[in-house]
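Colleague: I've got this model open and I'd like to learn how to read it. Could you walk me through it, one feature at a time?

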Amino acid sequence: MARYRLPRGMRYATLEERKKFYSEEFSVKKVGEWFHNATGKVRFAVIIGRHTRIYPRKYHEDAETTIIIDEYEDLNDVRGQIVEFEPEAAYYDRNVYDDSARKIGQELAFDLDPENVNCPVHGSLADKMKRGQGLSFCKLELEMVKEEALRLYEFLENHFSRMRIAYSGRGFHIHVFDKEAYLFDYKKRLEIARTAKKKGFAIDEWVTAGEMRLIRLPYSLNGLVSRTVLPLEKTELEKFDPIHDKRCIPNFLDRQATTSS
Ligand SMILES: [Zn+2]
C-alpha cells in the first residue's frame, strides 16, 4: 500500500468506509440524472479489490473480477448490490444494447490519467513503472492533467456539442453524448484516439477506441483515493481543486482531509 504515492489527503478507502458511502452518501438521484437520456438498460459493474487488495473475505475468489450488474429493478436495487460487494470501484458500460442485448452503439469517451503526463519531478509513465509506481501520481501531475482536460475539451468542441467532464478521482473523463458519435465504428474511434494522441493529449487509446467499454460511474467512490467521481461543467474546471473541493470528498474523510497538514 505504501508504494503508491498519492497527493496529501488521498488514500485507500476501507471496507467500512465503502459500505458507509454506498449506504448513506451515494446519490441514486444524481446517477439517474446522469442517465436521463440513456437508450435501453444501462449495465453497471464493480471491481471489489483488484488494485487495493482490500475486499470482504467472502469475495476472495472474485476480488479481481469485473462483476457486471445487469439484473436489477431500479437504481436503488443497483445501489443495494453495490453495497453488498463493498467495491473499490464502480463503472458503467458505455455500450448501448437493444432489447435482445445486441450492441447498437457506444458512448465516446476520453480518459486522461495523471500518471500519463510527464512530470518534471517524477518523470514519464515508463519511469514510474520502473519504480513500480504506475498508479502513483502527485499534485503537480493532477494540475497538469486538469489543464490537459480543458485543452482536450476545447479541441473536441470543434467536432461535438454535447459533452460532460467528470473528475474520476485520479484524472478526468470527457464523455461525448452527440448522437452520431454513438454510431462511430471501431476504425473511426481509433482514428480519433490517434489524432488526439498526435496532438499531444495523454489519453488512454483503449478507452476512446472502445476496447475498454467500462467507465467510472459518476457519483461513485474511487476507493483508491477516497474521492467521489464528480461531473463538472467546463467553466468549473479551471478552479477545480480535487484535493480540497468538498463535493468530491466523501463524508468519512471530510475532517481528516481538510485538517491534515
Ligand atoms: Zn509528479
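Colleague: Let's start with helix packing. What do the buried residues of α1 pack against?

Modeller: One caution before that: this is a predicted model. For packing, you look for heavy atoms within 4.5 Å. Here the buried residues of α1 pack against α3, β3, β10 (221-222) and β11 (227-228).

Colleague: Which residues of α1 are buried?

Modeller: The ones to click on are Glu 17, Arg 18, Phe 21 and Tyr 22. They span an arc of only 125 degrees around the axis, so they sit on the same side of α1. On the face turned away from that buried side you'll find the exposed residues Glu 16 and Glu 24.

Colleague: And α3, which residues are buried there?

Modeller: Read it the same way. Helix α3 (residues 75-85) buries Val 78, Arg 79, Ile 82, Val 83 and Phe 85. Their arc is only 160 degrees around the axis, which means they share one side of α3. The cover over these buried residues includes α1 (15-25), α2, β1, β2 (66-69) and β3.

Colleague: Now the metal. Which protein donors does the zinc ion have?

Modeller: With a metal, you go for the donor atoms, then the angles, then the sequence. The zinc ion has Cys 119 (SG), His 122 (ND1), Cys 138 (SG) and Glu 141 (OE), at 1.9 to 2.3 Å. The angles among the 4 donor atoms run from 99 to 114 degrees, and the site is tetrahedral. Along the sequence, the spacing of the donor residues reads C-x2-H-x15-C-x2-E.

Colleague: Why does the pair of His 122 and Glu 141 tie together separate parts?

Modeller: Check which element each one belongs to. His 122 is in the loop between β6 (108-112) and α4 (125-130), while Glu 141 is in helix α5 (residues 139-156), so the pair joins parts 19 residues apart in sequence. Are those two buried or exposed? Both His 122 and Glu 141 are buried.

Colleague: On to rings. How many aromatic pairs does the whole structure have?

Modeller: A search turns up 13. To read a pair, take the distance between centres and the angle between planes; over 60 degrees counts as edge-to-face. Phe 35 and Tyr 92 are an edge-to-face case, at 4.7 Å centre to centre with 85 degrees between the planes. They link distant parts of the chain, 57 residues apart: Phe 35 is in the loop between α2 (28-34) and β1 (44-47), and Tyr 92 is in strand β3 (residues 89-93). Phe 35 and Tyr 92 are both buried.

Colleague: What about Phe 172 and Phe 240?

Modeller: Their ring centres are 6.2 Å apart and the planes meet at 80 degrees, so this pair is edge-to-face too.

Colleague: Which residues form the aromatic cluster?

Modeller: Phe 35, Phe 44, Tyr 72 and Tyr 92 make up one cluster.

Colleague: Last one: where does the charged end of Arg 43 sit?

Modeller: For these, you look from the charged group to the ring centre. The charged end of Arg 43 is over the ring of Tyr 97, 3.7 Å from its centre. Another to look at is Lys 188, which lies over the face of Phe 184 at 5.3 Å from the ring centre.

Terms used:
Residues are numbered from 1 along each chain as its sequence is written. This is a predicted model: local features need pLDDT of at least 70, side-chain atom pairs count only at pLDDT 80 or more; totals for chains, interfaces and linings use all residues. Side-chain values use heavy atoms; hydrogens and water are left out. Donors are N, O and S atoms within 2.8 Å of the metal (3.2 Å for Na, K and Ca); water is not among the atoms, so sites may look incomplete. Four donors count as tetrahedral if all angles lie between 85 and 135 degrees; four count as square planar and six as octahedral if opposite donors are over 155 degrees apart and all others between 65 and 115; anything else is irregular. Helices (H or I, at least four residues) and strands (E, at least two) are DSSP runs, numbered from the N terminus. Buried means under 20% relative accessible area, exposed over 50%, partly exposed in between (1.4 Å probe, protein chains only). Rings of Phe, Tyr and Trp (its six-membered ring) pair if their centres lie within 6.5 Å; planes under 30 degrees apart count as stacked, over 60 as edge-to-face and the rest as tilted. A charge sits over a ring if NZ of Lys or CZ of Arg is within 6 Å of the ring centre and within 35 degrees of the ring normal. The arc is that of the directions from the helix axis to the C-beta atoms.
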